[in-house]
Each structure stands twice: as C-alpha cells, then as structure tokens.
Amino acid sequence: MIPDTKQIQTLLQNAKRPVLAEILGKFWEMPLVEYANHLWENPVSAPTMEKALRDAFETEFCRTGLSKEQAQVFCERLEKTRVIQTATHLTASEGPTFLALHHLALLGMPPQETYFVGAYSGVPFANSAWSGCLNFSNRFELEDVIASQAPGFSALKRSDSDRSRDSAERRISLIPGNMRDASVFQSKVSEKLANLRPYFAEPIRNVSPFVSSGEDFTVWASQFCANQLRKIIPDKSLQFFDLNEVIRNYLKTVLHDSAHPLHRLLFNRKIRETVFEEFPSQTPIFTVEVLHKNKIRQESVVIQGEMLNIQNFQLELTQENIVRELETGRLCPGLFLVFTTLSFINGMICFGSFEQVEYLAEFRRRWLKLDFLEQEVVRTVNICALTSGRCVDETEVAVHPLDLLLGLEWSFAENKTVGELMKPLLPRLGVVV
C-alpha cells in the first residue's frame, strides 16, 4: 500500500531529507505526464549564458562526436531551454534509477528540444552506478550478455556466480581490478574492454561504438549510453556528455579573468576565507588521482591556507598552477564548482536526484547569506527540478536498460503518479513503508 502524502512528508523529514519531503509533499499524487510537463516550464528569465560556458559545451559536444556545426546548433538549443539532466554518473551502462529519470524527463520534453545529459565523471569506477560495468538483472544468464568464447570468460563466470548469491543485480566488469578506485574522469579504455566488446551479445554490440585500448573511456561511454537510450525511447533528440569536462574547459578560460567570481574566490585570500567561513572549510574543490599503497585511487582536494591539500597531494594555490593542472586533466572540478557555475552563476535548470535537491538548497542558502554572486540569479534559479524513481516490473524486480535491449518485454506505465515511480526508491532513502 502506497502511503499518503502527509505520511511520506513525515517519513522523509524524519530521514533528514527536508527538501525532498517538501517537493514530494507537493507532487506525490500528481500524474507523471503532468509533472514531466511542469519540469520543462521555466517562468524565470535566466541571465545570458557566459560565453566561456557556451564554448565549453561546444568543445565537449565536439569531443563526444558532433561536428562543429551540430555542436553549435545544440548549444543554441541548450542556451534557450537552460535544462540539463545532471542526476546521472558517467557509466558504460545505466541502471533502473537512471532509466526512470530519463523516462520522466523525456515524457515532458517539448518535441523540438534536445535532452542534454551531463553525466558526472568525478567519481571512482566503483561508485554506486558501477561505471565500468555492463549492468543487467538476473533475468538473464551471463551467456545471454557476453559470449562464452570471450577472453577471461571463466573468471567472469566465477565473479557472476559469487555475486548472484547476494544480489539480483548482475554486472560484467569491463575494467581491470586496479582501476576500481580510479577516477572515471579523463580515464582511458582498458585492454579488457577493447578485448571483450566483440563478444557482447548482438543487441548490445550493435549499439556499442567500436573502441580501441587507450581511447577516451568517457567518449565511448557517453556515446554507448546515448545509443542505448535511443533504442529504448526512440525518436528523441538527446546528447550525453561529460559534465566535469565542460566545467574543466570553462575554468581554463574564466580563471584568467581577475574580475570573474571564481577567480576571485580561488585566488583572493580575503574573499576565499569569507566564503569558507560560510561553506564548510573542508568543502571539496577538486578531485585528483593519487597513488596509495601501489593502487591508483580518486581523492577529494580541499583548500588549506594557500594550498590545495590532501594527504597524498599538495599544490600551491596560484592561477598558473591551477590552470596548468586543469589543462593536463589532473584536476577534476568537484560538485561545489560544477553547480556554482551551472546553477548560481548561469541560472541553468539542473534536473537532479534526491541527493541533489538537498545540497543545492544548502548551496543557495549559503550563497544568499554571502551576497557574493548575483543575488537575483541565486534566489530565482530552479533548484528543485527533481527527477527520481526506479523502473521495476510487476513483481518489483528492477528493470535495466540492457534488459530491454536483450528482449525483456516491458513498457513504461505513463499512467503512474510521481509517488508510484518513487515508491521503489523509498527504502534507499531511509523510509520504510
């Protein structure tokens, strides 16, 4: 039995999710189609998008396979709608939660628009979305997903058997074990992936771009996920890209401008200290890869005095150093810089997860107290564009995109309410119903 709206609000407030409680209290019983249309409404006049940000989007769109002319057309569309899906991690294949939010967002997208999916790459491969894996359900055997002639199949089979004892969700790792804790950002295609790809089941292989060892993993994964979604929800214009790459390119430009708020924040000590009296002093600014006990792993970097600092990484906080390390790809912009840029400087509407609506509300509260960024933008930008849920079948078993490619007969129920789409996620939110 689905609880009523007031019960849900109380349960979410008790789980310390006040923003989510407020949003779902308002929309819990609303039909998905109506809510989806609401998501794309933007009654607020957004500021002009910074040229540096538009150029950064164009650069990333070209990197992920568009021609310069196509990229410019897509930038015009993005500048008009100001809508980006930012709830996903950059992955080789997505899961039932990401599938639900894509369905919800596309349900309300105006026909002439493009769905921009800015997947977050500033995570290790072993994140909750399992970025380096083919993810599917136990409706299928391993041999349904990858041929038994694949190199290393016996090891894949052992891992699959071990996992199936504990979980209904299955996966095939496309990365070697020493990449588990490495960053997805700026990563390269492993020999393992290049060698396994020819053995993917035909429906999967047909939408998987050809790839060689050493090429950009994030380009391949962006194209692969986009191709999967185009097969599942056809006749939609959509573009997947690496969100952190966009902000990296943007920062390389704006940090040369001494009047830009992010230049002033990073390199003016007085301003920086004022900001981080309001924001937690341990706010991660960037992430980096470091060598720890002979393994590469991603770690978050904070500012301490005049240094970027963690246990295994130090860098003097100068314009020259930061721009150089952004250019080399060593520094990956963290959540704070990504969403300060998108939401609170450029007024982008970021479709987001149940986590995002909470931290963006906290970011806005702090930026309003500081009076450092343009207050009208900070105050009016929509930070509550929640896209969450989980795709499950009638027996509550999760539905993955690869399940559908492999032939699972299942379709999206558009007559659902927001609450019905969200209900399978509630245990993950600390809510027991």
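**View 1. The lining of the largest pocket by residue class.** In this predicted model, the largest pocket is lined by twelve nonpolar, 13 polar and seven charged residues (Ala, Val, Leu, Ile, Met, Phe, Trp, Tyr, Cys and Pro count as nonpolar, Asp, Glu, Lys and Arg as charged, and the others, Gly among them, as polar). The volume of the largest pocket is about 630 Å³. Look for Ala87, His89, Phe98, Ser128 and Arg428, the closest to the pocket centre of the 32 lining residues. Helix H6 (96-107), strand S3 (133-137), strand S4 (169-173), helix H16 (335-345) and helix H17 (354-370) each give two or more residues to this lining. Helices (H or I, at least four residues) and strands (E, at least two) are DSSP runs, numbered from the N terminus.

**View 2. The helix pair H16 and H17.** The two axes come within 11 Å and cross at roughly 75 degrees, so H16 and H17 are roughly perpendicular to each other (65 to 115 degrees). Axes are lines fitted to C-alpha atoms over the stretch in contact, with angles running from 0 to 180 degrees between N-to-C directions. On the H16 side, Leu335, Phe336, Phe339, Thr340, Ser343 and Phe344 meet Gln356, Tyr359, Leu360, Phe363, Arg364 and Trp367 of H17 (contact means heavy atoms within 4.5 Å). Eight of these contact residues are nonpolar, three polar and one charged.

**Notes for both views.** Residues are numbered from 1 along each chain as its sequence is written, and side-chain values use heavy atoms, leaving out hydrogens and water. Local features need pLDDT of at least 70 and side-chain atom pairs count only at pLDDT 80 or more, while totals for chains, interfaces and linings use all residues. A pocket is an open set of points on a 1 Å grid over the protein atoms alone where a 1.4 Å probe fits, with protein on both sides within 12 Å along at least five of seven lines; lining residues have an atom within 4 Å of a point. Points are joined across faces, edges and corners, and a volume is the space filled by probe spheres set on them.

Technical notes
Parallel < 35°, antiparallel > 145°, perpendicular 65-115°, else oblique.
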